[in-house]
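Welcome, and take a moment to look over the model before reading on. We will walk through it one region at a time.

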Amino acid sequence: MKLRALLAVAALGGAFASPLPAEITLEEALAMPVHPTPPPAPERVLIRNATVWTMTGDGILEDTDVLLERGRIAAVGQGLSARAAALEIDGRGRHVTPGLIDAHSHTAVESLELNEGVNIVSSEVRAEDLLDPRSADIYRQLAGGVTLVQVLHGSANAIGGQSAIVKYRWGVEEPEALVYREAPPTIKFALGENPTQVGLVMPGAQRRYPATRMGVAAQIRNSFEQAANYRDEWARYNALSRRERERAVPPRLDLQLEPLVEVLEGRREIHAHSYRADEILMLIRLAEELGIRVNTFHHVLEGYKVADEMAAHGAAGSTFSDWWSFKMEAFEAIPHNAAMMLERGVLTSLNSDEANLARRMHQEAAKTLRWGGLSPEQAMSLVTSGPAKQLMIDDRVGRIAPGMDADVVIWSGDPLSVYSIVEHTFVEGRQVYSREADIAHQARVAEARERLAAELRAAAEDRNAREGANAGGPDSPAVNPPPGAVEYRFGPYPRDLPVAIVGATVNTLEGPAIENGVVVIENGRISAVGGPGTPIPAGAERVDAGGLQLWPGIIHLNTVLGIHEIDSVAATIDSAETGEINPDADTAIAVNASSTHFGVARSAGITHALVVPGGGAIAGSTTFLRTQGWTWEEMIGLRRQSMVMQWPAVVPPRFAAFSGGPKSLAERKKDAAERSETIGRLLDDAAAWQRARVHGADPSRVAFDPHLAALVPVLDGEQPVWAFAREGYSMLAAMDFAASRGLRVVLTDALQAYRMADELAERQVPVVLTNIVGTPGGDDEPHDTLYRLPAQLEEAGALFALASGTRVGGSANARYVTLFAGLAAAHGLDRQAAYRSITLYPARILGVDDVLGSIAPGKSASLVLTDGDLLEQSTEVLRVWIDGMPADLDDVQKTAYEHWRARPEPGAAR
C-alpha cells in the first residue's frame, strides 16, 4: 500500500487504539498489504463430510468428500483418501459449491475506460488490455464466492469491444495471467438507450448516429456487410498463387472488421446488452438474416416476453435478479424474469454489472426461490453451471465433478441463506480466500495502522512541545437531544370489525417470539397479543396463520417513494429542487399516491417510509407516510418530520476529473466547515427574522421570507436536522454544528460510521445506514467493513437503522432493506437487532416507537405475515396490514408476471 494512503487513514483519528505489539516496525507497517497474499497451492486438498452442490445429475450430496488435486477436482464421494499429505478441511455443517460465475462484469478495470463514446462501432478495442490483477474488487468478490467473470466492454456502442474471460487468480502480478484462455472469444453488442445516447448528449453537442433503434439495426447490418466483403476480399487474395500475390496489393488490415469476420465464421461469440422485447427480437431476426447466432442477451429485462423466440434461436439470457425503473427501457422489468426464461427453455444466468453486487451473487440467486418458485438447485445454476454454459466452458467450470477445475467455495451454511458466508474460496486448487486468515490479517493491518498513527501522534506532540502549544484533551461532546413529542396521524379508514390473527409465530421484537400466538386488531390498533388462550372478540374476522410468521411492518427511513419514478425520465422525478437553499420544499405535496413503486414496496413488507428530498445544502423537509392511501394527505403519518441538510461528500476518483480533480483531506475538511458556516448563517438570519416578526417595533414591515420561515421549526426544536454526511470529517462537522445550536441531529448515509461508533453512542446521535453493501471507505479497508458496521454500532450502544440509497434505482431499490439487514446478521449483528434495524429502531429514531416498530397492545396494527424468516430472500410476504387496514399486495410486476405467463407456447392451439 502507498504511504500516502496509510498515513491518511491513520490521520483520520487513530481508529485502532488497542495496545500495539512491540514487534511491528514502522517499515513493516508501511509495507503491510491491505489484503492477504494467498499461500502456495497445496498439492492436495480434502474437504470432508460436507453438503456438496454438484450442479450435475447427482444433485446435492450429504456427508460427502471432495478431493482437489493439482488444480483439478480429483474425486467426489464418501470416505475419500488423499493418498498423501493434504490440507484437510472439516466440512461438517458446511456447504460446498462450484465457484460462482458472473457472466457480465466490469471488475478489475477502471470503469470510465471501458466505453468508447465517439464511434458507434469499436470492435477493435479489448477489455483484456485494461485488467488490473491487484484490484481490491477481485479480493472482495472472492470473499463472496465469485471465481470467474466475463469482463465486458461498455454499452455506448452498437458493436462494442472484445471481452475478457477472467479467472480470479488472486496473487498473480501480470494482467494476462488473469485471462482464461480456455474460453472462446466474445464480443459485446449493445441495443437500446445506451448506443442511441438518449438523454446522454451534452447541451450544445451534436447527436451521434444512430439516434434510434432503427439506426442501431441498420448499423449492425451494414457493419456485417462490410465484414463479409472484407472477408471475401481476403479470401480472393489468399486464393492467388504465390507469384500472383507477389504482384498484387493485399487488402488493408482492418482491426475493426477482423472480430466481425470471426463472428461470421463462428469463431467469436456475440453477447448483447439489451432491455426491451422489440430490440431482442430485432437482433434475433437480424442475426438469422446474416447467418449468425446471438450467444447471450445480457440484462434482457423483457426476456420474459420473448423467451420462446430466444429459445428457438438458441440465445441464452443473463439478467439482473430484480433491477428495474432506473431508466425507461427497464420500467417493465420484473423479478420473475429469470425463472420465466428458464421455464421456457432459455439457458439463463444472473449477472451483476457492478462490482459490489457481484459480492453477493448467491443472494441474487436466492431471490428466484421467491420470484418464480425455482428449486434451490435451479437457483444455484443461475450463478454456476448456467453462466459456464453461456461462456462455453462448462466442461471446465461450474460443476463439482472429477476433472473440473478446482474452483470451489465452502460456505458456513446453505449458500442460498442470507445468514451464510464464505469460509474458503479455491481457484484451481489454491486457497485465494480464507475467512479465518482474513480476520487474522485484518488484525495485523489494524496494528500497522496504529503503528503509523502512533508515529503521527509522536510527531505532533514533539511539534507542540517545541511550539509551546497546549495539547490538552477535548471536552466531553454535547449529548444529542432526544426526539421531540410527535403525534402520529393514523389512517382515515379504521375498520369497525375486529380481526384476530391466529396461529402464527408472533415476532413482537419486544421480547421472545410467541409460538402459536394470537394478535387482535381493533380500530387500527393492536388490542391484544398473547398465546393460544388469548380471548378473541365475538364476531371478529379470523385469519388462520398456522405455520406462518408475523412481524411488525418494515419502516424504511431513506426513500424517494412517490416522488421519483424512473431515473432517466426527468418528468417523473421530483426528488431534488435546483439551487442550494430550499428549506420550504415540502415533499408531502409532491407524493404521487398512484406511483407504481408503492405497490412493489408493500409487496416487500414496507408499511411506512420516510420520503427524503435531495440536492443542495438545505434540501427541504421529509415526510413520514404509510405506503398505501388514496391521496398524499391520507398517506401522511408525520408531515415536515425533519429538515434535510447535506454536508459535502467526496467525489469518487473515477469522476474527480470532471470536477477539477481530487481534493486533499484538508480541503475536504475545509469544505465541510464552510457548509456548516453557510447553514449557520441561514439559521441566524431565520432567528433574527423571527425576532423581528414577533418582537420588532413594527412587525408588519418585516417582509415574509419563505426560506427563513421554513427554518423556524428547526430553531424551535420542532424539526430535527436530517444530516447527510458520508465521510468521518463531515459526520463530525454535522454533529458539532447541531450540538453548537442545541439541535437534534440524525446522521444519514454515514459511510464511515465505523470510525466513530463509540462517539456516536456517547453523543447519542442516531445513524441511518443507507448502503452497507457499498464500497468501503477506500481500497485500504477490509472487504467486510460495512457488512460489520451494524454489529459494531450495536455493540457500542449507538442507535441505528438500515435503509437503501436513493440514487441509482431510486424508489426501486427500497425493497433491498431486508437483504441488508440479513447481511448484517450474517456478519455479527444479533438476529433480533437485525429485525429491529428495519422496524423498532427506525421508529425510535423518529420518536414514534410508542406507536410503531413492534407488536404490542396499543400500537398501530401495521403488520406483515410471511411464510418464513423476514430477512431471507426466499421468504414471501403473504398479508400486510397498515394501521389495521388490509394492504393491497397486487403490483405492476405481479400483474406482468401473470399476464406473460399465460402467453401460449409455440405450437399451442390458438
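Which residue in strand 16 is the bridge partner of Val-408? The partner is Phe-426. Before going further, a word on the model: it is predicted, with local features needing pLDDT of at least 70 and side-chain atom pairs counting only at pLDDT 80 or more, while totals for chains, interfaces and linings use all residues. Residues are numbered from 1 along each chain as its sequence is written, and side-chain values use heavy atoms, leaving out hydrogens and water.

Let us stay with strand 16, which covers residues 422-427. Strands here are DSSP runs of E with at least two residues, helices are runs of H or I with at least four, and both are numbered from the N terminus. Two strands pair if DSSP finds at least two bridges between them. Strand 16 runs antiparallel to strand 15 (residues 408-411), joined by four bridges. Four bridges also join strand 16 to strand 17 (residues 430-434), again antiparallel, and here Val-427 stands opposite Arg-430. The hairpin of strands 16 and 17 has two residues between the strands, and Glu-428 takes a positive phi near 50° there. Six of the six residues of strand 16 are buried, meaning under 20% relative accessible area with a 1.4 Å probe and protein chains only (exposed is over 50%, partly exposed in between).

Now turn to an open sheet of six strands, in the order 8-10-11-12-13-14 with mixed pairing. Strand 8 (159-162) and strand 14 (348-350) are at the edges, each with a single partner strand, so one side of each has no neighbour in the sheet. Within this sheet, strand 12 (residues 294-299) and strand 13 (residues 316-319) run parallel, joined by four bridges, and His-299 stands opposite Thr-319.

Next comes helix 11 (residues 361-370), where Gln-363 has its place. Gln-363 counts as buried because its relative accessibility is 0%. Beyond residues up to four places away in sequence, Gln-363 touches Pro-415, Leu-416, Ser-417, Val-418, Leu-819 and Gln-873; such a contact means heavy atoms within 4.5 Å.

Finally, look for the nonpolar cores, each a set of buried Ala, Val, Leu, Ile, Met, Phe, Trp, Tyr and Cys residues joined through side-chain atoms within 4.5 Å. The largest has 85 residues, and Leu-747 is one of those with the most contacts inside it. Leaving aside neighbours within four places in sequence, Leu-747 is in contact with residues including Ala-723, Met-731, Leu-760 and Val-768. Apart from this core lies another, of 39 residues, among them Trp-170, Val-179, Val-409 and Val-422.
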